[in-house]
4 protein chains.
Amino acid sequence: MDKKNNSSQIDHHPGENGGALSRSAQRRQREREQRYQTILRAAETLFAREGYHKAGMERIADMAEVSVGTVYFYFKNKEDLLIQLLDEIGYQLRNLLGSAFRQADMSLAGFEKAGKVFFEDFCPHYPERLAIIFRESVGQSPLVETHRKRIFDRLIADVREALERLQANTGVAFQSPLSAEVMAVCIMGMYERLAYQFIIWEDRSAELKTIGEDAVAYILGGVKNLCR
Amino acid sequence: MDKKNNSSQIDHHPGENGGALSRSAQRRQREREQRYQTILRAAETLFAREGYHKAGMERIADMAEVSVGTVYFYFKNKEDLLIQLLDEIGYQLRNLLGSAFRQADMSLAGFEKAGKVFFEDFCPHYPERLAIIFRESVGQSPLVETHRKRIFDRLIADVREALERLQANTGVAFQSPLSAEVMAVCIMGMYERLAYQFIIWEDRSAELKTIGEDAVAYILGGVKNLCR
Amino acid sequence: MDKKNNSSQIDHHPGENGGALSRSAQRRQREREQRYQTILRAAETLFAREGYHKAGMERIADMAEVSVGTVYFYFKNKEDLLIQLLDEIGYQLRNLLGSAFRQADMSLAGFEKAGKVFFEDFCPHYPERLAIIFRESVGQSPLVETHRKRIFDRLIADVREALERLQANTGVAFQSPLSAEVMAVCIMGMYERLAYQFIIWEDRSAELKTIGEDAVAYILGGVKNLCR
Amino acid sequence: MDKKNNSSQIDHHPGENGGALSRSAQRRQREREQRYQTILRAAETLFAREGYHKAGMERIADMAEVSVGTVYFYFKNKEDLLIQLLDEIGYQLRNLLGSAFRQADMSLAGFEKAGKVFFEDFCPHYPERLAIIFRESVGQSPLVETHRKRIFDRLIADVREALERLQANTGVAFQSPLSAEVMAVCIMGMYERLAYQFIIWEDRSAELKTIGEDAVAYILGGVKNLCR
DNA sequence: GATGAATGAGGCTTCATTCAT
DNA sequence: CATGAATGAAGCCTCATTCAT
């Protein structure tokens with residue numbers, strides 16, 4: 001997009017010129033990638049800890065032990081930092097949840113799996129990422145909002161497709177053509193607010209297992225209700 | 001809090017000293033109240049339209065047709081403006097939803113009513129308030145977050161109590177002691193994300209009735225599932 | 001000077017029209033005077049306690065239990081408040097010290113008396129006034145500085161005259177034509193810094209008697225040295 | 001205090017890593033130092049000329065021919081600007097006076113020297129610094145006042161020690177245990193008010209030599225008086 | 001005379017971004 | 001590639017003063 005190769009999951013064209021990179025080029029490439037990650041991790045921590053606006057570029061650079069200029073070499077601007085973070089989290093989330101939902105064909109096991117994964121794996125291990133996707137990235141700028149929407153849209157699509165497969169396979173009829181979409185949005189909303197309430201606002205991580213199970217039960221309850 | 005009577009729902013002590021206020025005092029009081037409202041409305045519009053950060057105090061003053069100083073006469077600072085707005089919205093929402101949920105004793109009618117009121121009354125008429133409570137007030141400052149949490153806590157408490165009354169009246173057993181709370185949080189989460197998705201992000205207000213009905217059906221489905 | 005009769009020591013023209021004021025006019029006059037004093041006392045306290053700049057007109061009005069408008073009725077502006085205060089203090093100081101120095105003819109008793117009065121009467125009883133004349137009024141504006149200078153000039157003149165009378169009466173010769181003036185300035189400087197050091201900065205009021213005696217001894221020592 | 005090396009008398013560690021700094025690093029360091037000085041000098045001039053409050057940061061930046069941001073790069077605050085200035089002046093003063101007083105052992109020569117240095121060297125050459133230490137820094141903020149006090153305390157300590165050495169060496173007895181301290185404070189007070197009166201208020205710099213000599217005579221007179 | 005709401009210029013400070021070295 | 005000093009627009013807020021009632 002611009003002159004800066006600003007992402008780890010992009011610049012992998014090994015064997016550019018038909019051969020391997022030179023030893024030193026490889027090392028440089030590796031260092032580049034490391035720096036990129038260090039900065040992103042610093043931003044992640046500071047955004048979550050102090051808030052997107054309060055976290056200045058200088059503080060981020062300090063924490064990453066680089067200069068401000070270097071941050072601007074790897075990222076177009078502060079917004080870009082947030083967007084990369086956001087996309088990364090979205091990617092991870094979709095990997096986690098999406099793969100679970102994709103298992104959901106006839107049974108409801110996929111929904112259970114997704115809940116388990118989210119509440120018992122993701123939430124306790126990545127509280128900072130929760131803060132970023134559900135708090136810090138909210139309402140920051142049109143562009144950020146676009147990325148947020150895309151992430152949610154994809155997650156919702158996964159859930160929706162699971163629901164529609166379920167419908168097709170079990171022969172139940174949804175109340176309206178929008179039902180699947182609405183239910184998918186609902187499910188995302190539950191995940192979001194539960195995480196916000198019990199991780200970001202209160203720290204009830206000890207009860208997270210129960211919370212997750214109750215949530216899954218409720219989610220499934222609504223779905224099951226359709227099946228008979 | 002301080003000497004300035006900064007809210008419409010507060011200073012109503014008519015008949016202060018046994019009699020009515022003098023004519024001119026009444027008028028001044030009324031004008032005061034009007035100015036307060038004018039400024040708050042201007043802030044509401046600008047916060048929703050341009051975002052909390054982008055909306056400068058000067059712009060707000062301009063839109064309210066007063067000077068910056070006047071804004072600071074009625075509100076302690078920019079944050080205060082947001083908080084008053086937030087509390088106002090929280091108050092309105094609790095009036096709307098709370099009263100519906102409080103009707104929910106044996107039947108599930110209260111849950112239906114609440115959904116109807118939210119999706120068919122509140123959402124289409126107050127999209128700016130949705131933007132403020134669900135977008136602009138998110139992660140702005142610890143104090144704002146405190147107010148947000150209080151609002152959500154109260155709404156959740158209303159739902160939870162309704163669920164617990166239902167449990168008591170119907171004799172069903174929830175899965176865990178946390179179930180009622182978790183379900184209440186889930187329901188708030190659905191409302192939030194549905195509004196965000198279909199009002200703030202996309203404009204699907206035309207389909208709002210269907211969306212609301214589907215949502216209510218899903219909410220009730222999960223609840224009903226408990227009852228047998 | 002302007003339409004406002006802004007001083008207690010000015011507006012005493014009793015028997016304006018050859019007769020006494022009416023009863024109610026007298027009362028009004030008295031109330032006027034009281035208000036003036038109340039405001040000035042409030043300003044004195046706040047200027048000393050919080051500093052001239054930090055003390056806002058509104059706070060002063062509050063403490064005097066009047067409105068801002070009323071303050072502006074009695075005083076032209078904030079600077080005027082400070083100046084009236086300053087002049088009042090200067091007047092008091094000159095009464096105290098000047099009368100003592102004027103006693104100094106042949107003996108040095110006047111110098112002793114002045115020191116005693118300043119350190120044992122004025123300093124412990126009017127610490128706020130010390131703060132105003134020696135701290136808060138320093139470098140605030142050209143006009144204030146002018147008043148300050150006039151106050152110091154008069155006090156210095158008193159001392160200087162005492163010294164010159166001493167010279168005339170005892171026949172000693174000062175080192176230079178400036179000596180008397182210089183010594184007078186020195187003496188004022190000692191008073192000032194001693195008060196600043198031991199009242200404003202440290203609170204050594206318990207030792208004030210000793211401090212005063214030591215200071216007087218030093219002052220006299222320098223003077224006595226001339227006499228033989 | 002923070003990562004920015006904000007003072008000329010601090011960052012002198014030549015030969016950091018066993019060798020000299022690189023040519024360009026040296027130059028950058030020098031330029032840094034120069035900028036710092038330029039800004040401080042601009043502040044000195046404006047504070048003295050227009051007063052601390054009237055001198056806006058923008059004017060200071062303009063005079064130093066840098067941007068406002070640059071001023072804030074080198075100094076934390078406006079207050080910091082004043083404090084650095086103050087400390088610098090205090091340092092210079094202590095070098096001047098302190099070294100003179102430290103010479104005072106048996107004779108009174110040190111006292112003479114100090115007076116001469118102050119009135120004939122410092123006062124005429126640094127009238128702006130007089131204005132800052134004796135006028136502009138007075139009563140500006142608790143922090144500034146703290147620095148002022150420290151400066152005065154140190155100067156007073158120097159004088160006091162000289163007096164106590166004199167006492168020890170000549171066997172005279174002071175009137176009270178506080179005498180030395182009181183006299184030291186007195187001497188500082190004389191310096192201060194003489195400078196204020198004859199440099200800041202009136203411009204009697206032409207007579208400064210005589211003034212200084214008279215002052216010294218008076219100071220010594222008080223001291224000598226003790227010795228017999 | 002008294003009130004206090006309204007004014008608005010002006011102040012300080014922050015911070016994302018750039019660019020010469 | 002990396003640095004970090006420099007920029008300057010933009011933001012929030014204060015507060016002495018005025019004036020209609």
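Around DNA strand E, at least two residues of the nearby surface come from each of α3 of chain A, α1 (23–50) and α3 of chain B, α1 (23–50) and α3 of chain C, and α3 of chain D. Helices (H or I, at least four residues) and strands (E, at least two) are DSSP runs, numbered from the N terminus. The model is predicted, so local features need pLDDT of at least 70 and side-chain atom pairs count only at pLDDT 80 or more, while totals for chains, interfaces and linings use all residues. Residues are numbered from 1 along each chain as its sequence is written, and chains are lettered from A and ligands numbered from 1 in the order in which they are written.

A residue is near a strand if its C-beta atom, placed from the backbone, lies within 6 Å of it. There are 34 residues around DNA strand E, and those that come nearest are A:Asn77, B:Gly69, B:Thr70, C:Gly69 and D:Gly56.

The elements giving two or more residues to the surface near DNA strand F are α1 (23–50) and α3 (68–74) of chain A, α3 (68–74) of chain B, α3 (68–74) of chain C, and α1 (23–50) and α3 (68–74) of chain D. The residues of this surface divide into 12 nonpolar, 13 polar and 9 charged.

One residue of helix α3 in chain C is C:Tyr72. C:Tyr72 counts as partly exposed because it has 16 C-beta neighbours inside 10 Å. The scale behind this label calls a residue buried if 20 or more other C-beta atoms lie within 10 Å of its own, exposed if 12 or fewer, and partly exposed in between, with C-beta atoms placed from the backbone. C:Tyr72 and C:Met57 are 15 residues apart along the chain, and 9.2 Å separates their C-alpha atoms.

Chain A has 9 helices and 0 strands, and of its 228 residues, 40% are buried. Two residues are in contact if their C-beta atoms, placed from the backbone, lie within 7 Å. Among the contacts in chain A with a separation of 6 or more, 69% join residues 24 or more positions apart. The domain assignment of chain A gives domain 1 (1–76) and domain 2 (78–227); such bounds come from an automatic or database domain assignment. Within chain A, 12 residues of domain 1 are in contact with 11 residues of domain 2. On the domain 1 side, α1(A) gives the largest share, 6 residues, and by class this side has 7 nonpolar, 3 polar and 2 charged residues.

Chain A also meets chain B: 34 residues of chain A are in contact with 35 residues of chain B. On the chain A side, α6 (127–136), α8 (179–201) and α9 (208–227) each supply at least two residues. The largest share, 13 residues, belongs to α8(A), and this side of chain A has 15 nonpolar, 11 polar and 8 charged residues. Of the interface residues of chain A, 100% are also interface residues in chain B, so the copies meet through the same surface. Chain A is superposed on chain B by a rotation of 180 degrees with 0.0 Å of shift along its axis (RMSD 0.1 Å). The two copies are thus related as by a two-fold rotation axis. In chain A, the C-alpha nearest the axis belongs to A:Gly222, 1.9 Å from it. Copies are superposed by least squares on the C-alpha atoms of residues with pLDDT of at least 70 in both.

Chains D and C form another pair, in which 35 residues of chain D are in contact with 35 residues of chain C. The chain D side draws two or more residues from each of α6 (127–136), α8 (179–201) and α9 (208–227), and α8(D) gives the largest share with 13 residues. By class, this side of chain D has 16 nonpolar, 11 polar and 8 charged residues.

Terms used
Ala, Val, Leu, Ile, Met, Phe, Trp, Tyr, Cys and Pro count as nonpolar, Asp, Glu, Lys and Arg as charged, and the others, Gly among them, as polar.
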